Amino acid sequence: MGWLQDTRDLGKIIFLIVRDRDLFQVTCKGDLIPKARSIPRESVISVTGTLKENPDVMNGWELLLEKIEVLNEAESPLPLDPTGRTPADLETRLNSRIIDLRKKGISDIFKIRSRAAWEVRDYYHDEEFIEVNTPKIVQAGMEGGATLFKLDYFGAPAYLAQSPQLYKQMLMGSGFDRVFEMAPVFRAEASDTRRHIAEYTSIDAEMAFVEMVDVLDNLESLCRRVLNRVAGIETWDFPRLDYEDALSMVGRDEMDRKAEVELAEKMDDDLYFVLDYPIEEKPFYIMGKGDKTHSFDLFYKGIEISSGGQREHRYPMLCRNIEKNGLNFEDFRYYLEPFRYGMPPHGGYGLGFDRFIQAMMGLDNVRESVLFPRDRFRCFP
Ligand code: ATP
Ligand code: MN
């Protein structure tokens, strides 16, 4: 059983190309020809016959047809050509995503993504992390109010979580000294780029009793393991550039998008860290280091795929950071409590899984690595 992908009509003989997980050829002759000829492409059919070895056929065998049944007839014309012979733009493809997924090159992205998710979990389990699930309906925003989705929570305001940041940090006070989460986060990104979507899968990790170098090492080995096991990519140690050195390499005074792209062009490696961002560029929970911070971004082919660092675990300093950032203490009441009763030094990172897949597979747009992407203009299918 499968989908009728294609019909090759030679008059006295018809070849049907049928697709289940793979393709196979069905050869039909004689009385069966009129019926075979009449079935629209992409109909679901059942074929019965004799398997015959044939080195000239795509997978070394064909089915000599004895009986054919239509289980569900497809309408025509099709919204997309699943053979890929007639290319379609991304919008059209995403509108008819299920039909789009019938193309091998497209479904492969999600098989690889699934394998990568497996390897990520495997890595964390080997490293003695526990997997956690933190709430996605929250009261305080973390990464800037501008990208919060507001919702009606039984008549009171609440938001969709922009990141598990507050919760994974709070958990460091519980005794779970290594946690990770792989889950959706939500950002009302008004900007329309190839790397921003409104709902993405974030891989978050947090570790207690560590310094920044331990966090860098952990993220680096995670990436190297996934790249190696999923894509067979061998990587060298990721270069670790100081923020100021990175800026002088491109002759700029701020790490904006332009500088990021120019830096990628200068680097020999696809993956590298930029360390110790200025305090103005990082959120309040990052630990300061003079006018810099114990922070880093990880870049992959010029795209930022992760941000992380050492967190401020000292209560008075954390309060000062909240104040300096003009944030409201009341919003952080529950977050702050564990910091008053024994919070260990800790650090961690958030890694955009969709961007990682995008860069690893060389996809033009992050939307290609998501089954049903959401953005400013798309909340369907
Ligand atoms: P950018 O500067 O690219 O908008 P960010 O610094 O705002 O990213 P972070 O808050 O550091 O993002 O989030 C951690 C990671 O989550 C990023 O490094 C990136 O991989 C991913 N990420 C952030 N925003 C998005 C988005 N809108 N769509 C897809 N992935 C995202
Ligand atoms: Mn970031």
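**Close-up views of selected residues**

**View 1. Asp-276, a residue between two strands.** Asp-276 is found in the loop that runs from strand 13 (271–275) to strand 14 (288–289), where helices (H or I, at least four residues) and strands (E, at least two) are DSSP runs, numbered from the N terminus. This is a predicted model, in which local features need pLDDT of at least 70, side-chain atom pairs count only at pLDDT 80 or more, and totals for chains, interfaces and linings use all residues. Residues are numbered from 1 along each chain as its sequence is written, and side-chain values use heavy atoms, with hydrogens and water left out. Although Asp-276 is not a glycine, its phi is positive, at about 65°. Asp-276 counts as buried because its relative accessibility is 11% (buried means under 20% relative accessible area, exposed over 50%, and partly exposed in between, with a 1.4 Å probe and protein chains only).

**View 2. Lys-301, a residue other than glycine with a positive phi.** The phi value of Lys-301 is near 50°, and the residue lies in the loop between strand 16 (295–300) and strand 17. With 40% relative accessibility, Lys-301 counts as partly exposed.

View 3. His-313 sits in the loop between strand 17 (303–310) and helix 9 (315–324), and at 18% relative accessibility it counts as buried. When neighbours within four places in sequence are left aside, His-313 is in contact (heavy atoms within 4.5 Å) with Met-287, Phe-339, Met-343, Pro-344, Pro-345 and His-346.

**View 4. The cis peptide bond between Phe-380 and Pro-381.** Omega of this bond is about -10°, and Pro-381 belongs to the segment after helix 11 (353–361).

Key. Chains lettered and ligands numbered in written order.
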